[in-house]
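Dear colleague,

Please read the notes with the structure open beside them.

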Amino acid sequence: VLSVVFVFPFYCSVVASLSGLEGVYASPPRLWLNEFHWENYKRALTILPFARFVYNSFFVSIWCVSGQVLTACLVAYAFARLRWAGRNFWFMLLLATMMLPPQVTMIPHYIIFLNLDWIDTFRPLIVPSFLGGSAFYIFLMRQFFKTIPLELEEAARLDGCSNWRIFWDVMMPLSGPAIATISVMSFIGHWQDFMGPLIYLSSFEHYTVSIGLRMFQSIYGSFPHYMLAAS
């Protein structure tokens with residue numbers, strides 16, 4: 001029952017995207033169509049190069065997911081299994097960065113990328129994912145690693161495995177659920193990211209889907225059936 005409730009707005013959006021302009025503003029709203037205007041999709045997707053925008057979003061999202069999963073697992077393994085001086089202090093400091101709103105670091109990040117001449121490239125969106133990823137993902141992986149029995153690691157060490165072999169051949173294959181969770185959350189977050197592409201991308205051919213939809217809205221915002229088709 002709840003699924004029907006939550007799916008209903010999406011159903012209404014699909015119906016409106018296949019309606020004419022008069023059907024969108026009909027009162028009472030129409031829940032079924034006698035005539036489907038498939039040309040709405042053709043027009044919406046050809047006014048702007050949405051295929052290019054989708055490719056850009058997919059390219060950025062896949063690289064960011066790869067970087068965040070790899071670095072989150074590496075850092076989390078160091079916090080969960082390796083013993084070194086100041087480990088708890090640095091872990092608490094890492095968690096403290098989660099309290100910093102992104103607006104605080106937005107201008108310093110922009111100045112850094114401007115000095116590196118990375119503006120209007122995908123590098124400001126991708127490279128930070130390979131430099132630690134996200135504190136939340138590191139925390140999630142650390143907690144998962146701590147649930148894996150220590151005896152497995154000790155057995156691998158007795159067989160002559162180094163820390164890297166233990167991480168890659170023992171811990172990673174057992175961490176499928178946590179890695180899948182991080183991958184899905186990371187992909188959704190970067191696919192829907194609006195502020196990052198808005199700040200760092202200025203060329204039309206580099207725009208992502210979120211920027212493309214905003215541009216489409218500024219052009220055809222008064223035609224909701226086209227806007228919903230593009231969305």
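Helix 6 contributes the most to the lining of the largest pocket, with seven residues, and please bear in mind throughout that this is a predicted model. The pocket itself has a volume of about 1,500 Å³, and of the 42 residues that line it, Pro102, Thr105, His109, Pro128 and Gly133 are the ones that lie nearest its centre. Besides helix 6 (102-115), the elements that give two or more residues to this lining are helix 4 (50-80), helix 7 (123-126), helix 8 (135-145), helix 11 (176-191) and helix 12 (195-200). Sorted by class, the lining of the largest pocket is made up of 25 nonpolar residues, 16 polar residues and one charged residue.

The second largest pocket has a volume of about 230 Å³, and its lining consists of Ala80, Arg81, Leu82, Arg83, Arg87, Lys146, Leu150, Glu153, Glu154, Arg157 and Asn163. Here the largest share, four residues, is supplied by helix 9, which covers residues 150-158. By class, this second lining holds seven charged residues, three nonpolar ones and one polar one.

On the side of helix 4, the contact involves Val54, Ser57, Phe58, Ser61, Ile62, Cys64, Val65, Gln68, Val69 and Cys73, which meet Ile179, Ile182, Ser183, Ser186, Phe187, His190 and Trp191 of helix 11. The residues of this contact comprise 11 nonpolar and six polar ones, with no charged residue among them.

Helix 11 also packs with helix 10 (residues 163-174), and there the axes are 5 Å apart and the angle is about 70 degrees. Because angles of 65 to 115 degrees count as roughly perpendicular, helix 10 and helix 11 are described as roughly perpendicular to each other. Their contact is formed by Met172, Pro173 and Leu174 from helix 10 together with Gly176, Pro177 and Ile179 from helix 11, and the residues of this contact divide into five nonpolar and one polar, again with no charged residue.

With best wishes

Key. Residues numbered from 1 in each chain as written. Predicted model: local features only at pLDDT ≥ 70, side-chain atom pairs only at ≥ 80, totals over all residues. Heavy atoms only, no water. 1 Å grid on protein atoms, 1.4 Å probe; cavity = no way out; pocket = protein on both sides within 12 Å on 5 of 7 lines; lining within 4 Å. Points joined across faces, edges and corners; volume = space filled by probe spheres on them. Nonpolar A, V, L, I, M, F, W, Y, C, P; charged D, E, K, R; others polar. Axes fitted to C-alpha atoms, helices over the stretch in contact; angles between N-to-C directions. Parallel < 35°, antiparallel > 145°, perpendicular 65-115°, else oblique. Contact = heavy atoms within 4.5 Å.
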